[in-house]
Structures are given as C-alpha cells and as structure tokens.
Amino acid sequence: MRALRVHELGDPAEVLRLEAAPVPQPGPAQVRIRVEAAALNFADDLLCRGKYQERPPLPFIPGMELAGEVVAVGSEARTSVGQRVMALASPPNGALA
C-alpha cells in the first residue's frame with residue numbers, strides 16, 4: 001500500500017513522505033479499512049511536529065479520521081468485510097494510507 005509517513009518531526013508539508021508501506025494485519029478486535037477519504041486535522045499537525053499528547057515512535061502514518069470500506073477483520077471484530085464505515089485510526093497505522 002502507499003502511505004504518507006513521518007520519519008522525522010516537523011512541519012507536515014516538509015516531513016510527510018509518500019512511500020510504499022507494509023499492509024497491516026488486523027488484530028483480534030480490529031479491522032483493516034480501504035481508505036476512501038481521510039483528513040489531516042490540527043491534532044495530526046501537532047502529531048507530525050511532536051507536540052501532541054501522544055508521541056508514536058518514528059516512522060508513523062498520521063491521520064485520525066477516515067471513511068472507507070472494511071477489507072479484513074480480526075477474529076473478534078464486530079463488523080464484516082464490505083461494510084462501509086467511518087472510523088478513527090491511531091498511529092503508527094493512521095488514515096493517510
């Protein structure tokens with residue numbers, strides 16, 4: 001998959017890099033979503049700058065808000081493949097992928 005990834009902290013316009021990234025596998029209560037729309041909001045800006053309350057290890061993929069379609073589910077997930085959803089993602093595997 002392609003993702004906008006942060007390898008060093010700073011202004012998002014300067015530190016976001018579009019690159020290939022491994023496809024994450026969902027954990028037991030997680031899902032993987034094919035992102036169709038994502039936001040880069042103020043919290044993501046702070047995250048890229050290292051000024052948000054959470055500081056994921058580098059590199060990470062920002063993006064907290066997304067909409068898309070479920071493409072894989074964990075064994076305890078309460079949704080199904082093909083369902084259209086809106087969701088909140090959390091780094092290191094954010095919505096900008």
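Let's start with G27: at 17% relative accessibility, this glycine counts as buried, because buried means under 20% relative accessible area, with exposed over 50% and partly exposed in between (1.4 Å probe, protein chains only). G27 sits in the loop between β2 and β3. Helices here are DSSP runs of H or I with at least four residues, strands are runs of E with at least two, and both are numbered from the N terminus. The C-alpha atoms of G27 and E76 are separated by 8.5 Å, although the two residues are 49 residues apart along the chain.

A quick word on what you're looking at. This is a predicted model, in which local features need pLDDT of at least 70 and side-chain atom pairs count only at pLDDT 80 or more, while totals for chains, interfaces and linings use all residues. Residues are numbered from 1 along each chain as its sequence is written, and side-chain values use heavy atoms, with hydrogens and water left out.

Now the overall layout. The protein has two helices and five strands, and along the sequence they follow the pattern β-α-β-β-α-β-β. Its C-alpha atoms fill a box of roughly 35 × 25 × 20 Å along the principal axes. What about the radius of gyration, taken over C-alpha atoms? The protein has 13 Å, which agrees with the value near 13 Å for a compact globule of 97 residues; that globule rule is 2.2 Å times the number of residues to the power 0.38.

Of those 97 residues, 34% count as buried. The protein exposes about 6000 Å², and carbon and sulfur atoms supply 53% of that area, which was computed by the Shrake-Rupley method with a 1.4 Å probe. As for contacts, meaning heavy atoms within 4.5 Å, residues 24 or more positions apart account for 61% of those with a separation of 6 or more.

On to the sheet. Strands of a sheet pair through backbone hydrogen bonds, either parallel or antiparallel. Here we have an open sheet of three strands in the order β3-β4-β5, with antiparallel pairing. The edge strands are β3 and β5, each pairing on one side only. From one strand to the next, the twist averages 45°, with axes as lines fitted to C-alpha atoms and angles running from 0 to 180 degrees between N-to-C directions.

Two strands count as paired if DSSP finds at least two bridges between them. Strand β4, residues 65-73, is joined to β5 by five bridges. Over on that side, A67 has M86 as its bridge partner in β5, and E69 stands opposite R84.

How many of the five residues of β5 are buried? The count is zero, so to speak a strand that is hardly covered, at residues 84-88.

Which residues of α2 are buried? They are A43, D44, L47 and C48. These four lie on the same side of α2, because they cover an arc of only 140° around the axis, the arc being that of the directions from the helix axis to the C-beta atoms. The buried residues of α2 pack against β1 (2-6), α1 (12-15) and β2 (16-20).

L40 counts as partly exposed because its relative accessibility is 46%. Not counting residues up to four places away in sequence, L40 touches L16 and L96. The C-alpha atoms of L40 and V73 are separated by 25 Å, with the two residues 33 residues apart along the chain.

Last item: cis peptide bonds. The bond from L58 to P59 is cis, with omega near -10°, and P59 lies in the loop between α2 and β4. Another cis peptide bond joins P91 and P92, where omega is about 20°; P92 lies in the segment after β5.
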